[in-house]
Amino acid sequence: MKPITFLWALAALMVHSLVSYAQTDPGLKWFNPQQYPYATLKGKAWQNTDSANYYNRLPITAEKVVRKEVWNLAKNTAGEYLDFTTNASKIVVKYQITGAKSLDNMATLGVSGVDLYAQDVDNKWHWIKASYSYRDTVTYSYENFDNTVKIKKLRLYLPLYNIPKWLKIGVVANSEFAVEKTDEQAPLVFYGTSIMQGASASRPGMAWLNILGRKLDQPVINLGFSGNGRLETPLIDLMSQTKAKLFVLDCQPNLTDKTVYPAEEIEKRITASVQILKEKHPNTPILLVEHSVGLASANLDSALTGKYIWTSQVLNNTYQKIKKSGVKGLYILTAKDIGFTDDSTIDGTHPNDFGMMQYAAAYEKIIRKIIDIKK
């Protein structure tokens, strides 16, 4: 009798758990982007269909050619998002994460949170406040929408420094819901460091590349790898596989140690990167970017800014050499153009939200000069 009693008790507990879970979401229907018959996850250059790598920013084949550190960072969903439409009065997002909730230089909302924006019929973007909780399952809830704003679509940004085990979106059961297909137009492809990945934005929507995507209303690909944006050939080869509208190389923040990366090595990597990209895409422009904090006015720590100014000078000198060699369609964004001050970062290196906005504004200005993007 004891085994039977135990099984009955176990069954009762399981039923209670299921009912309790259901009661926390009364009247909602749920959507899992992985179960759609077409690709819905935007901000990716490669669509992985297997569940284990669905959110990975690199293709499955990259695991064999990039360093382990790069492959693991590629699992972070920086720059990825879902565009959808709904007339629901309440939206709930649930997901589980695999990594730590926060970092030493970055809070939970930026590392592990999602972020919802609405684009109105005049194409203006509006941030939407959430109620959230971080337990075994992370929950973000959105409601009390302003009915005077006519919303065209919603955009849900995924975590900058974490990996979802799964994610689903819930809306009121009698409401409409549709997820947009991935973009068919050519993206802008960016390769860089932690600054590009999103450190240290307060939340995903404030990462400069996400801001830039909204400003330009263009698909952007975030290949920012914290501490590992080093202009490595395997990554450049992967970039060359994409049909990009623009290639951006913003890796100087990880090329500041003269003992590891002397000027000759940095010049070699920049030159080789440009050559590889131009060989396959001769008509696609390439933008080189100096270190954003490579200005004496950005920090009174002369040792720190000295390294940043030095690596920027190396890039600028290399840019001038490549231009003189006859390469067309090559551009540079300087630290002066970005315009950081001592209020722009959290630690002398990583932008705060103010710095993120400065970064995006500088990028927008030069990109609009390089390629034809209608406002």
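**Figure 1. Burial and overall build of the protein chain.** In this predicted model, buried residues account for 54% of the 375 residues of the protein chain. The chain contains 10 helices and 15 strands. Its radius of gyration is 22 Å, close to the 21 Å given by the globule rule for 375 residues, so the chain is as compact as a globular protein of that length. Along the principal axes, the C-alpha atoms fill a box of roughly 85 × 55 × 45 Å. Of the contacts between residues at least 6 apart in sequence, 77% join residues at least 24 apart. The accessible surface comes to about 17,700 Å², and carbon and sulfur atoms contribute 54% of this area.

Figure 2. T193 is placed in the loop between β11 (188-192) and α4 (194-197). T193 counts as buried because its relative accessibility is 1%, under the 20% cut-off. Apart from neighbours within four places in sequence, T193 is in contact with G224, F225, S226 and G229, and also with D250, C251, P253 and N254.

Figure 3. Helix α5 (residues 208-216) is mostly covered, with 8 of its 9 residues buried. Among these buried residues are W208, L209, I211 and L212. Just after α5, D217 adopts a positive phi of about 55°. The side chain of K215 meets that of E364 in a salt bridge (3.6 Å, N to O). This pair links distant parts of the chain, since K215 belongs to helix α5 and E364 to helix α10 (residues 353-370), 149 residues apart. E364 counts as buried at 17% relative accessibility, whereas K215 is partly exposed at 36%.

Figure 4. E265 forms a salt bridge with R269, in which the closest N and O atoms are 2.7 Å apart. Both residues lie in helix α7 (residues 263-280), 4 residues apart, or about one turn of the helix. E265 is partly exposed, with a relative accessible area of 23%, and R269 is partly exposed at 21%. The side chains of E267 and K321 also meet in a salt bridge (3.2 Å, N to O). This pair connects distant parts of the chain: E267 in helix α7 and K321 in helix α8 (residues 302-324), 54 residues apart. E267 is partly exposed at 27% relative accessibility, as is K321 at 49%.

**Figure 5. A network of charged side chains.** Salt bridges link K42, D83, K153, R155, E180 and D183 in a network. The count for the model comes to 13 salt bridges. The mean positions of the 44 positive and 35 negative charges of the protein chain are 3 Å apart.

Key
Residues numbered from 1 in each chain as written. Predicted model: local features only at pLDDT ≥ 70, side-chain atom pairs only at ≥ 80, totals over all residues. Heavy atoms only, no water. Helix = DSSP H or I, 4+ residues; strand = E, 2+ residues; numbered from the N terminus. Rg over C-alpha atoms; globule rule 2.2 N^0.38 Å. Buried < 20%, exposed > 50% of the residue type's maximum accessible area, 1.4 Å probe, protein only. Contact = heavy atoms within 4.5 Å. Areas by Shrake-Rupley, 256 points an atom, 1.4 Å probe, with all protein chains shown as cover. Lys, Arg positive; Asp, Glu negative; His and termini not counted. Charge placed at Lys NZ, Arg CZ, Asp CG, Glu CD. Salt bridge = Lys/Arg side-chain N within 4 Å of Asp/Glu carboxyl O.
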